[in-house]
Amino acid sequence: MSLSIRNQLPGTVTAVTPGEAMATVRVRLTGGQDLTAAITREAADDLRLIPGTAVRALLKATEVSLATAPVEGLSIRNQLPGTVTDIAAGDAMTSVRVTVGGGVLTAAITRDAAEDLALSPGIPVVALIKATDVALATA
C-alpha cells in the first residue's frame, strides 16, 4: 500500500496503556527519541500492540508544528528536537524538512509562520506533535 503521508518514522513499542475507549502507546523511535500516540483501544487491540512490536509512526505534514525552542507548560508531549534541512516556500504555505533522530519530518506551515520564526537550513527547531495526531502501522 502506498500512502500520501510523508512522515513515517520507524520505532518499537515500549508501553501500552489501555483506557475505556482510547489507548496511549509509547514508541521509541530508531533515533532514540520517545513518541506517544493516542489511538483507539480497538486499533491497539487489532494491531496487537505490546512492548517490542515494531511500528511506523505516521504523521501528516499539516499536523507537525514547529518552535525554535522547547515549549514548557504545553499539553503537547511530543517535542522532537531537530534541524531544518530544507525549505520550499509558496505564496501561502511553506514546506519545512527537519532532520530528527531516526528520520526526517516534513512540516507544512504558513509562509508567515516560517518568516516569523526566521527558518532557514541549519536552524535548530522542535517539532511539536499532538499524541492524537500520531497514527501507527505494523508490517
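**View A. Pairing of strands β1 and β4 in the predicted model.** Strand β1 (residues 7–18) runs antiparallel to strand β4 (residues 54–59), and 6 bridges join the two; strands count as paired if DSSP finds at least two bridges between them. Within this pair, Thr-12 stands opposite Ala-54 of β4. Strands (E, at least two residues) and helices (H or I, at least four) are DSSP runs numbered from the N terminus. This is a predicted model, in which local features need pLDDT of at least 70 and side-chain atom pairs count only at pLDDT 80 or more, whereas totals for chains, interfaces and linings use all residues. Residues are numbered from 1 along each chain as its sequence is written, and side-chain values use heavy atoms, with hydrogens and water left out.

**View B. The open sheet of 5 strands.** The strand order is β3-β2-β1-β4-β10, with antiparallel pairing. Because β3 (34–40) and β10 (135–137) each have a single partner strand, one side of each is left without a neighbour in the sheet.

**View C. The salt-bridge network of Arg-26, Arg-28 and Asp-34**. Asp-34 meets Arg-26 in a salt bridge at 3.8 Å, N to O, and forms another with Arg-28, with the closest N and O atoms 2.6 Å apart; the term requires a side-chain nitrogen of Lys or Arg within 4 Å of a carboxyl oxygen of Asp or Glu. Asp-34 is partly exposed at 27% relative accessible area (buried is under 20%, exposed over 50%, partly exposed in between; 1.4 Å probe, protein chains only).
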